[in-house]
Amino acid sequence: YTYTDALLQDMKWGFLLSSSKEILKVFDLLRKKAKRLEDIKGCNLSFGQGLNLSKSYLVDAQILSAFPFAKKSAIPLLTSEDGAVFNIQKTSRYILDRTKLTKQESQEIRAQGIILFDPISTSKKPPKLIMPRGISKHFCAFNSLGCYSSSGVDLYDIADSASEDILLNLWLFFNSSLFWLLREISGRKNLGGGMLKSEAVDLESMPVYLDFQNVKEIKKVFEKLNKRQALISIEEIYTDEHKQIDAMVFDFLNLQVPERNVVIATLKQKVTEREKKAAT
């Protein structure tokens, strides 16, 4: 690399050293055609991390059933128990907003060893999109429910300024093979069970916004994925829905068939190597 090479400014050394020339060429093209979150006009989007609350904050349907008054204060919280969904419509866990409970009600809940959530304790709002931070399966969930995440990589819209079109464009790219490959290469492979650790900070400098100008087609894919969970990544790659997503991303970038094949093959290789390493 030359000192003035833009890739040196945008990519970490580990990223550059673990990528082939063919893949770096694709990423360089992405850098030229995509935008960073901060460059999307009229929006205030940012990556962040979930609430990271201890298990003592979490309640389930049994608690809500035993203490019916708690339902008025229940805030849905996405956890690993909810799996790898593409659209969040319900959660199995909740946190309880202490400001919506009386003193007596709060005492009854605390007697169960449950810690009440104070909304003032965080500046975070429910994110628009949620991705896993510890990745066993790749996916990006559209937050239709308006829940918080327990420990996800979240996309926040501070002023609720992003249109549905912008969010769907991001959702599509975040569910593509190219983005999954970005996370595989930039993430940390030091977790057990073949899991990949990819933090919000790893995405901050990356160009991730592509204006597909094809929301109608994105919505068709969204509807197909609306009620199902992501398969293991190697299998998900070959589903009709994922092929549609990849085709839209590859077409936007004008990638030729050999380049497309390299992206898919490299993603499969990275996932397989990571899982195989964990098993030995």
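**Pockets and salt bridges, term by term**

Modeller: The lining of the largest pocket has ten nonpolar, nine polar and five charged residues. Charged means Asp, Glu, Lys or Arg; Ala, Val, Leu, Ile, Met, Phe, Trp, Tyr, Cys and Pro are nonpolar; the others, Gly among them, are polar. This is a predicted model: local features need pLDDT of at least 70, side-chain atom pairs need 80 or more, and totals for chains, interfaces and linings use all residues. Residues are numbered from 1 along each chain as its sequence is written, and side-chain values use heavy atoms, without hydrogens and water.

Colleague: What makes R260 and D251 a salt bridge?

Modeller: Their side chains meet at 2.6 Å, N to O. The rule asks for a side-chain nitrogen of Lys or Arg within 4 Å of a carboxyl oxygen of Asp or Glu, so the pair qualifies. The count by this rule is 15 salt bridges.

Colleague: How far apart are the closest N and O atoms of D118 and R98?

Modeller: They are 3.2 Å apart, and the pair forms a salt bridge. D118 sits in the loop between α5 and β4, R98 in the loop between β3 and α5, so the bridge ties together parts 20 residues apart in sequence. Helices here are DSSP runs (H or I, at least four residues), and strands are E runs of at least two.

Colleague: K197 and E199 also form a salt bridge. Is E199 buried or exposed?

Modeller: Buried: its relative accessible area is 11%, and the cut-off for buried is under 20%, with exposed over 50% and partly exposed in between (1.4 Å probe, protein chains only). K197, at 25%, is partly exposed.
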